[in-house]
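Good morning, and thank you for joining this group meeting. I would ask you to look at the sequence and the structure on the screen while I speak.

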Amino acid sequence: MADEGGIKLITDNRKAFHSYMFDERVEAGIVLKGTEVKSLRDGKVNIKDGYAVFKSGELFLLNVHIGAYAQGNIANHEPLRTRKLLLHRSELGKLWTKAEIKGYSLIPIKMYFKKGLAKIEIGLGKGKKSFDKRQATKEKDEKRSLDRVRKGMR
């Protein structure tokens, strides 16, 4: 499933859009081991519980599960290890200042291959309250019913 620009989607995090409102999105590279790349190509990854944090001026991805490679040997990777994210220093600075604001989190939105390199899209998001979630669900239901009516008219 490669679309224009040589992008092949590995996985996306639909749950994130239900739980967070995103102000900004950033594309980052990921430091991976060889068996992790092979597992990504097989689609054995789960980013739903993942998040990113700053440690000593660098950005790290935590709680992202990349399954062990089936043909891997003794050098197979740890599935839940901490992975470094690659961003330009200016982007890191912007994200760090915005992430320090109370209530903001860095959440992985989607993971994909771009020109053969593994990339992850990180969103700077603020958690939705329960009434925000109910409002979003209500709007989605209204849109679905309008689409059904339009489709029935054709």
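**Strand β10 and its neighbours**

Let me begin with a pairing: strand β3, residues 20-30, runs antiparallel to β10, and 9 bridges join the two. Within this pairing, R25 faces G123 of β10. Please keep in mind that we are looking at a predicted model.

On to another partner of β10. Strand β9, which covers residues 104-114, also pairs with β10 in the antiparallel sense, here over 10 bridges. One of the facing pairs is M111 with I120, the latter lying in β10. The strands β9 and β10 form a hairpin with 2 residues between them, and K115 in this hairpin has a positive phi near 55 degrees.

Is strand β10 mostly covered or mostly open? It is mostly covered: 8 of the 11 residues in β10, which spans 117-127, are buried. As a general point, side chains in a regular strand alternate between the two faces of the sheet.

Which residues of the largest nonpolar core touch the most other members? This core has 24 residues, and the ones in question are L40, V45, L59, L85, L106, M111 and I120. Two or more residues of the core come from each of β3, β6 (58-62), α3 (89-99), β9 and β10. The largest share, 4 residues, is given by β10.

Leaving aside residues up to four places away in sequence, I120 is in contact with V26, E27, A28, I30, L61, L85, P108, K110 and M111.

Now let us step back to the whole chain. It contains 4 helices and 10 strands, and their order along the sequence is β-β-α-β-α-β-β-β-β-β-α-β-β-α. Among contacts with a separation of 6 or more, 67% join residues 24 or more positions apart. The C-alpha atoms fill a box of roughly 60 × 40 × 30 Å along the principal axes.

Finally, the surface and the charges. Of the 154 residues, 32% count as buried. The accessible surface is about 10100 Å², and carbon and sulfur atoms make up 52% of it. The chain carries 34 positive and 19 negative side chains, and the centres of these two sets are 2 Å apart.

Thank you for your attention.

How values were computed. Residues numbered from 1 in each chain as written. Predicted model: local features only at pLDDT ≥ 70, side-chain atom pairs only at ≥ 80, totals over all residues. Heavy atoms only, no water. Buried < 20%, exposed > 50% of the residue type's maximum accessible area, 1.4 Å probe, protein only. Contact = heavy atoms within 4.5 Å. Areas by Shrake-Rupley, 256 points an atom, 1.4 Å probe, with all protein chains shown as cover. Lys, Arg positive; Asp, Glu negative; His and termini not counted. Charge placed at Lys NZ, Arg CZ, Asp CG, Glu CD. Pairing = 2+ DSSP bridges. Core = buried A, V, L, I, M, F, W, Y, C linked by side-chain atoms within 4.5 Å.
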